[in-house]
Amino acid sequence: MEIYVGNLSKKVTKEDLQSLFEKYGTVSLIKFKKDLFSGESKGYAFVVMPVLAEAEKAIEKSNGKKILGQKIIVKEARSHDQDWDKRGKRGRPF
């Protein structure tokens with residue numbers, strides 16, 4: 001399952017997220033979203049956990065926790081196709 005982690009401090013590292021989420025199970029990937037020009041974090045990341053039960057527990061236990069003084073938002077990531085359909089458009093965005 002892909003997990004969205006938002007409201008991150010720009011100082012949060014991959015290791016910070018790894019140590020938080022691996023308490024609940026296997027973490028296979030962590031992807032930070034960065035600004036193309038500055039290279040700075042956009043304040044959110046995606047964590048991939050292959051075991052559904054572990055991912056659900058991680059979401060439940062991590063949502064609202066503080067990392068580096070900021071309360072994080074943790075929830076199941078939505079696919080881009082879902083966002084496109086919600087705007088009243090059909091098919092792929094390309």
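This note walks through the fold, the helices, the core and the aromatic rings of a predicted model.

1. **Overall plan.** Start with the count. The protein has three helices and six strands. Along the sequence they follow the pattern β-α-β-β-α-β-β-β-α. Of the 94 residues in the protein, 31% are buried. Now look at contacts between residues at least 6 apart in sequence. Among these, 59% join residues at least 24 apart.

2. **The sheet.** Four strands make up an open sheet, and their order is β2-β3-β1-β6. The pairing is antiparallel. Which strands sit at the edges? They are β2, residues 29–34, and β6, residues 73–76. Each of these edge strands pairs on one side only. On average, neighbouring strands of this sheet are turned by 20° against each other, ignoring direction.

3. **A closer look at β1 and β6.** Strand β1 covers residues 2–6. Four bridges join β1 to β6, and the two run antiparallel. Find Tyr4 and look across: Lys75 in β6 stands opposite. Keep Tyr4 in mind, as this residue returns in point 8 with an aromatic partner.

4. **Helix α1 on the sheet.** Helix α1 spans residues 14–21 and packs on the sheet. This helix touches β1, β2, β3 and β6. The direction of α1 makes about 140° with that of β2. Which residues of α1 are buried? They are Leu17, Leu20 and Phe21. They cover an arc of only 85° around the axis, so they lie on the same side of α1. Their packing partners are β1, β2, β3, α2, β4 and β6. Of these, β4 is residues 66–67.

5. Thr13 is in the loop between β1 and α1. Is Thr13 buried, exposed or partly exposed? The relative accessibility of Thr13 is 31%, so this residue counts as partly exposed. Thr13 and Phe32 are 19 residues apart along the chain. Their C-alpha atoms are separated by 8.9 Å.

6. **Helix α2.** This helix runs from residue 52 to residue 62 and lies across β1 and β6. The angle between α2 and β6 is about 155°. Four residues of α2 to find in the model are Ala55, Ala58, Ile59 and Ser62, which are buried. Why do we say that they line one face? Seen down the axis of α2, the buried residues fall within an arc of 100°, so they line one face of the helix. They pack against β1, α1 and β6. Turn to the other side of α2, and Ala53 and Glu60 are exposed. After α2 comes Gly64, whose phi is positive, near 90°.

7. **The core.** The largest nonpolar core has 19 residues. Which of them have the most contacts inside the core? They are Ile3, Val5, Leu17, Phe21, Val47 and Met49. The elements giving two or more residues to this core are β1, α1, β3 and α2. Take Val5 as a case to trace on screen. Leave aside its neighbours within four places in sequence. Val5 is then in contact with Leu17, Phe21, Gly43, Tyr44, Ala45, Val47, Ile72, Ile73 and Val74. Two of these, Leu17 and Phe21, are also among the buried residues of α1.

8. **Aromatic rings.** A pair of aromatic rings is described by the distance of the centres and the angle of the planes. The structure holds three aromatic pairs. One of them is Tyr4 with Tyr44, a tilted pair with 5.8 Å from centre to centre and 35° between the planes. This pair links distant parts of the chain: Tyr4 is in strand β1, Tyr44 is in strand β3, and they are 40 residues apart. Next come Tyr44 and Phe46. Their ring centres are 5.9 Å apart and their planes are at 90°, so the pair is edge-to-face. Ring pairs link Tyr4, Tyr44 and Phe46 into a cluster.

9. Check each ring in turn. Tyr4 has 23% relative accessibility, so Tyr4 counts as partly exposed. Tyr44 is partly exposed too, with a relative accessible area of 25%. Phe46 has 14% relative accessibility and counts as buried. The cut-off behind that call is this: buried means under 20% relative accessible area.

Conventions:
Residues numbered from 1 in each chain as written. Predicted model: local features only at pLDDT ≥ 70, side-chain atom pairs only at ≥ 80, totals over all residues. Heavy atoms only, no water. Pairing = 2+ DSSP bridges. Axes fitted to C-alpha atoms, helices over the stretch in contact; angles between N-to-C directions. Contact = heavy atoms within 4.5 Å. Phe/Tyr/Trp six-rings, centres within 6.5 Å; stacked < 30°, edge-to-face > 60°. Buried < 20%, exposed > 50% of the residue type's maximum accessible area, 1.4 Å probe, protein only. Arc of directions from axis to C-beta. Core = buried A, V, L, I, M, F, W, Y, C linked by side-chain atoms within 4.5 Å.
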